[in-house]
Structure formats: structure tokens, C-alpha cells
Amino acid sequence: MKTLLLFPPQWTPIAPHFALPSLLGQLKANGYDSEVMDLNINFYNKILNPDFVKNSILKAVDNNQNVLNEIARYIKEGKDFSEYPLKIRNKIVKYTKVKEYITKKQSALANFPDMAQEALDIIKGENFYNPEILIKSINIIDTVLEMVSLPYFPSKISLDNYTNPFFKLNFENIKYFVFDEDTNIFIEYYKTVLDDIKSKNPDYIGISINSSSQVIPGLTLANMLKNKLNAHINIGGNFFGRVKEAIVQNPEFFDLFCDTVLVEEGERPVVELAKYVNGEIKIEEVSNLIYKKDGKIFINETKKPLKLDEMAIVSLDGYDFKKYFAPEVILPFQSSRGCYWGKCSFCDQDFGQNFNVKNADKLTDEFIKLKEEYGIKFFEFIDESVGPSYLSELADKIKAKNIDINYFFDARLESTFTKELLQKAYNSGLRMVLWGLESGSDSVMKLINKGIDIDKRLEILKNSSDSGVWNFAFIFFGFPTETVEDAKKTIKLICENKNVIHSYGRSVFTMGKHTKLKDEPEKYGITAVYPAQDEFSPTYTFDCTGMTKEELNSILKECTQTCNAAYNNPLWMFLRYREYLFLYLAKYGKDRVYNYKLDFNKM
């Protein structure tokens with residue numbers, strides 16, 4: 001019995017995603033012949049090939065006249081744009097964009113396709129560490145991906161997203177965009193890899209879908225495989241576990257896309273599903289499984305997941321590290337699952353996970369093995385939060401075993417992150433911490449229930465900075481009850497403390513379907529929560545006291561302008577991806593990266 005695990009586009013192509021190496025390790029440890037194909041990284045390398053880019057431009061130009069003929073009669077009718085069929089709205093936007101692009105960017109269209117390969121070589125090679133050359137290369141890739149997207153506009157592929165302004169997360173919309181060759185860039189790509197997939201003779205194919213940007217490419221792949229192969233098609237990953245009620249409400253999902261869906265933590269059920277496909281157990285014995293049988297939808301029991309200490313080490317067999325868009329592989333890794341605090345009202349990132357911690361001896365032994373077997377020495381912990389006591393033990397183990405690695409992780413601003421601890425962690429290879437700073441407003445911090453001493457946050461950040469660790473701060477705006485005055489306090493906190501807040505990431509609050517605040521809306525000034533119009537959306541819309549949409553948009557602009565002026569075009573803003581920043585920190589250190597001034601004449 002052969003198992004094939006597939007990771008579809010779209011995911012940022014800098015490093016392997018964690019899910020498939022974890023599942024592959026588990027299947028191999030249980031004796032199953034298993035293999036992985038990272039179709040995401042293969043896709044990006046293919047579409048950035050100069051010949052592919054040139055063909056995309058020609059396709060866009062050739063198609064535009066046909067598009068004009070098709071939309072002409074609709075335009076003459078004089079109807080409001082919103083009244084046109086979705087297909088025609090897509091075509092009108094495409095025609096307008098392609099015509100404008102071709103008219104205004106003739107020089108780029110002529111020159112940039114041939115620059116794509118050189119830009120990729122720079123990103124993957126030693127010149128990565130030349131800031132001006134790297135940033136110029138990233139900008140070239142951005143422009144080339146715009147060109148690749150032209151035949152499928154308004155769908156747009158970038159290094160960190162796949163979007164279409166008309167796409168909604170409801171079943172009818174999903175079906176439309178999966179099958180619409182005018183906007184779906186992935187259909188053409190999958191046609192080139194179907195024979196390769198088929199040649200592997202898989203009995204069981206697992207497709208991992210982890211975000212909304214993977215929904216259309218992932219389901220497109222699932223449908224094409226379901227129609228071409230006799231294998232059992234399973235869909236797993238983080239995304240559909242958050243909206244499993246929508247799957248139950250749409251039985252056609254199984255007719256079009258798959259035989260089964262696995263939800264929540266997959267290391268135990270993926271092996272059970274392999275046993276079912278191999279005829280060892282009945283389908284009813286596979287935990288966490290949703291499937292259609294005799295016209296009815298069944299949801300099997302959710303069993304207690306494996307603990308991290310019970311899991312096999314991840315397997316990276318079959319991965320070609322040279323394909324990834326970085327000179328070094330940065331491996332996502334876990335020391336814990338779930339969140340040891342788990343009480344923040346705004347968060348549902350740990351939904352479907354049961355908190356447990358990996359033994360530090362086991363973890364560090366795995367570091368040694370992964371370095372010996374695959375040459376990996378850079379790690380990104382994808383834990384919800386690494387705690388101070390665990391970090392202390394981990395740093396001691398790394399030193400005792402003389403492991404030469406660098407790593408970074410997310411953390412809460414706990415007062416027990418002392419300077420002595422952070423210095424010890426730095427000496428063990430810690431180079432960056434992504435801190436949950438959240439807000440400069442005491443009232444907002446109280447409502448989000450962060451569970452920290454907010455008056456000591458800057459002291460902890462100073463301890464970290466003095467130890468040589470780079471501080472990245474997460475902030476967000478738009479939390480219920482947040483006023484303009486509250487938001488300005490966050491901006492002030494960032495700008496007045498840039499000596500210890502070395503970089504930041506800004507987001508806007510969204511209410512996930514599994515956040516805690518939805519259960520007590522009145523406590524947070526929420527006046528109404530609306531059932532999701534799009535059943536596959538993982539978020540709710542809501543009304544609340546606090547800033548209006550106009551005030552929020554104004555604050556976002558003010559944050560950008562004020563912080564840009566305060567930080568004065570820092571290198572980290574142009575590096576853009578935290579993995580790239582991490583590699584720079586590992587090579588050059590915090591102070592040199594912080595003080596580097598870009599020479600824009602070289603760009």
C-alpha cells in the first residue's frame with residue numbers, strides 16, 4: 001500500500017511547511033511506504049521560468065481581444081457593474097488591467113522575464129546576504145509574478161498570497177473558481193504533474209490545506225486527482241477543521257473533491273486512515289474523520305491525539321532543499337502544541353490542539369539527527385508560545401550537547417524572561433523572538449486577557465535586546481471598544497521604543513469562529529455577531545463599540561506613516577519576510593542589521 005502526501009500551492013516558498021514532514025515521519029515509523037511531493041515549491045519554480053513568464057504575457061495579450069468581444073455587449077447595456085454575471089465581472093476587470101499594464105509597462109514586459117532566473121539564483125545563493133542585491137531581486141520577483149498573473153487576472157499570485165477580489169468562501173463560489181480556467185492559474189500547472197503523480201501508483205493520497213490561499217489550488221488538485229486516479233483522496237490540514245460544519249452542510253463536497261476529510265491533529269488518524277485503505281480496519285475506526293457513506297455524512301469520534309513525545313521524528317526524505325527561496329533551509333519545528341496560557345480572548349490559533357510539551361532531551365536529539373541527516377541548522381519554532389522555564393532547559397541541553405544551531409520563536413512577555421535567561425538562550429543560538437506586544441492601551445490589554453504584567457513589557461524587551469536577541473513585536477488594531485486614543489497609544493509605544501522594539505508586524509483584529517470573546521460579546525462591547533454569509537469562512541462579522549471603519553483605516557495609515565518616519569527606512573522593512581530577517585541576524589548579528597543603512601543608488 002502506497003501513500004502519497006501532497007502540499008499544494010499557495011504557501012510562501014521559503015521553507016517546507018511543517019505538516020507533511022510530521023505526517024510522513026509518522027507513516028514511515030509505522031511501516032507504510034510513503035512519499036511527499038511539495039507541489040507548492042515546484043509551482044513557484046515553474047512559473048518563474050523565463051519561458052513560462054513570456055508565454056504568460058503572450059497569452060494575456062492574445063486573449064484580451066477575445067475578452068473585449070465577449071464583454072462588449074454587456075457594457076453597451078449600461079447596467080451597474082454589480083449586476084453582471086461573475087464571469088463577466090472577472091473578464092471586464094481582466095481586460096482593463098491587461099490593457100493598462102501592456103500600455104504602461106512595455107519596458108518591464110520586455111526585460112523582466114529574462115531577469116527572473118538571475119533574481120531567483122541571487123535569493124537562493126550567497127548574494128542573498130548582499131542587502132541591496134537581495135531587495136532588488138525580491139522586487140523583480142514581485143513584478144514577474146504580476147506578469148504571470150495577467151492571463152488569470154483578477155486572480156493574482158504573489159510570494160505570500162493568492163487572491164481574487166470576487167472570491168468568497170462559500171460553496172458555490174468555491175466551485176466556480178475551482179473550475180474557471182479564466183481565473184484559475186493552477187489548472188494548467190497540475191496538467192503538467194498529473195502523470196508524475198499517477199506514475200507513483202498511490203493507493204492513498206493526502207492533500208494538506210492550511211489556509212484560505214490554498215483552498216482553490218488545493219481543491220482544484222483534489223478534483224483533478226479524483227477524476228484521474230482510483231486512489232483514496234483525503235483532505236487534511238488546518239483550514240477545513242475550522243469549518244467542518246460547512247463540509248457537513250455540503251455533501252457534494254465529497255462528490256467533487258475527496259473521499260474523506262481529516263480534522264484537528266493528524267498524526268494519529270493519518271496512520272489509522274492508512275490502515276483502513278490497506279484493509280486492516282473499518283472506516284468507522286478512523287478517528288477525526290468526516291466522510292460520505294450511503295448518501296449520508298458521518299463524523300467519527302475525535303480521539304485523544306498523540307503527544308509530541310509519542311511521535312516519530314519528522315522526515316524530510318524527498319525534499320529538494322535547493323528549490324526553496326533562501327540560501328539555507330529554515331525548518332519549522334515544534335517544542336509544544338497548543339498554548340500554555342490559552343486564555344487570550346482574541347485568539348483561536350490553538351483551536352483543535354491539546355497542549356503538551358516535547359521533552360527537551362528528545363527535542364535536542366532530533367536537532368542533532370536532522371543536522372546530521374539533512375544538514376539543517378536553522379529552526380523556526382511554530383509553537384503558539386515558548387515558555388521561560390522550557391527555554392532555560394532547552395538552552396542548557398543545547399550547550400551540554402554542543403549543538404551548533406540558530407533558532408527563533410513566538411513568546412509571551414512573561415516577567416521571568418530575565419536578562420540572564422535570555423543571554424543563556426542567545427548563547428545557545430536564539431537570534432529573534434516574536435513577542436505578543438498587542439497594544440499600548442491598558443484597557444485593551446485588560447480585555448484581551450493577556451495575563452502578563454503590562455508595566456514590565458519594556459523591561460523584558462530591554463533584557464532581550466541587551467542579550468543580543470532581536471525583538472519583533474506583534475500589534476493589532478480594531479479590537480472591540482478600542483478608541484482612536486487607544487490606538488494612538490500603540491503607535492506611540494512602538495515609535496518611542498524602537499531601540500528595544502527592533503521591528504513590528506501589524507494586523508487588524510478579526511473574530512475567528514473559535515475565539516473566546518464571542519461567547520461573552522457584551523463583555524467586550526460587541527453589540528451584534530452575524531452568522532457567516534460564507535459558510536467556509538473561519539471568521540464572523542460583528543458590530544461593536546469603538547472605532548468606526550473610517551477611523552480604523554485612518555489609524556492604519558497613521559501607523560504606517562508615523563512608524564516609517566520613526567524607523568527611517570530600516571533594512572528589516574525591505575527584507576519583508578521574517579525568515580530572511582532571521583538569516584541576516586544569524587549571519588550579521590542584531591546591531592549590524594539594526595544600524596544598516598541601505599544604499600538606494602545600488603537598487
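Is Lys358 buried or exposed? That is where I will start. Lys358 is buried, at a relative accessible area of 8%. Buried here means under 20%, exposed means over 50%, and partly exposed lies in between, with a 1.4 Å probe and protein chains only.

A word on the model. It is predicted, so I take local features only at pLDDT of at least 70 and side-chain atom pairs only at pLDDT 80 or more, while totals for chains, interfaces and linings use all residues. Residues are numbered from 1 along each chain as its sequence is written, and side-chain values use heavy atoms, with hydrogens and water left out.

Back to Lys358. It sits in the loop between β12 (356–357) and α14 (360–374). Helices (H or I, at least four residues) and strands (E, at least two) are DSSP runs, numbered from the N terminus. The side chains of Lys358 and Glu366 make a polar contact of 2.8 Å. That term means N or O atoms within 3.5 Å; within protein, one must be able to donate a hydrogen and the other to accept it, and residues adjacent in sequence count only if both atoms are side-chain atoms. Beyond its neighbours within four places in sequence, Lys358 is in contact (heavy atoms within 4.5 Å) with residues including Leu308, Phe333, Gln334 and Tyr390.

On a 1 Å grid over the protein atoms alone, a cavity is a set of points where a 1.4 Å probe fits but cannot get out; a pocket is an open set with protein on both sides within 12 Å along at least five of seven lines; lining residues have an atom within 4 Å of a point. Points are joined across faces, edges and corners, and the volume is the space filled by probe spheres set on them.

There is one cavity of 30 Å³ or more. The largest cavity has a volume of about 100 Å³. Lys358 and Glu366 both line it, and Phe18, Ser22 and Met311 are also among its lining residues. By class, that lining has seven nonpolar, two polar and two charged residues. Ala, Val, Leu, Ile, Met, Phe, Trp, Tyr, Cys and Pro count as nonpolar, Asp, Glu, Lys and Arg as charged, and the others, Gly among them, as polar.

Now the second largest pocket. Its volume is about 610 Å³. It is lined by 24 residues, and the closest to its centre are Phe509, Tyr540, Thr541, Phe542 and Lys549. β20 (539–544) and α20 (549–567) are the elements giving two or more residues. β20 gives the most, with six. The lining divides into 11 nonpolar, nine polar and four charged residues.

Last, salt bridges: a side-chain nitrogen of Lys or Arg within 4 Å of a carboxyl oxygen of Asp or Glu. The whole structure has 35. Glu267 and Arg337 form one of them, at 2.7 Å, N to O. The pair links distant parts of the chain, 70 residues apart: Glu267 is in helix α13 (residues 267–277), Arg337 in strand β11 (residues 336–337). Both residues are buried.

Lys424 and Asp396 form another, with closest N and O atoms 3.2 Å apart. Lys424 lies in α16 (residues 419–428) and Asp396 in α15 (residues 388–400), so the pair ties together parts 28 residues apart in sequence. Lys424 is partly exposed at 27%, and Asp396 is partly exposed at 40%. Finally, a network of salt bridges links Lys87, Lys91, Asp180 and Asp182.
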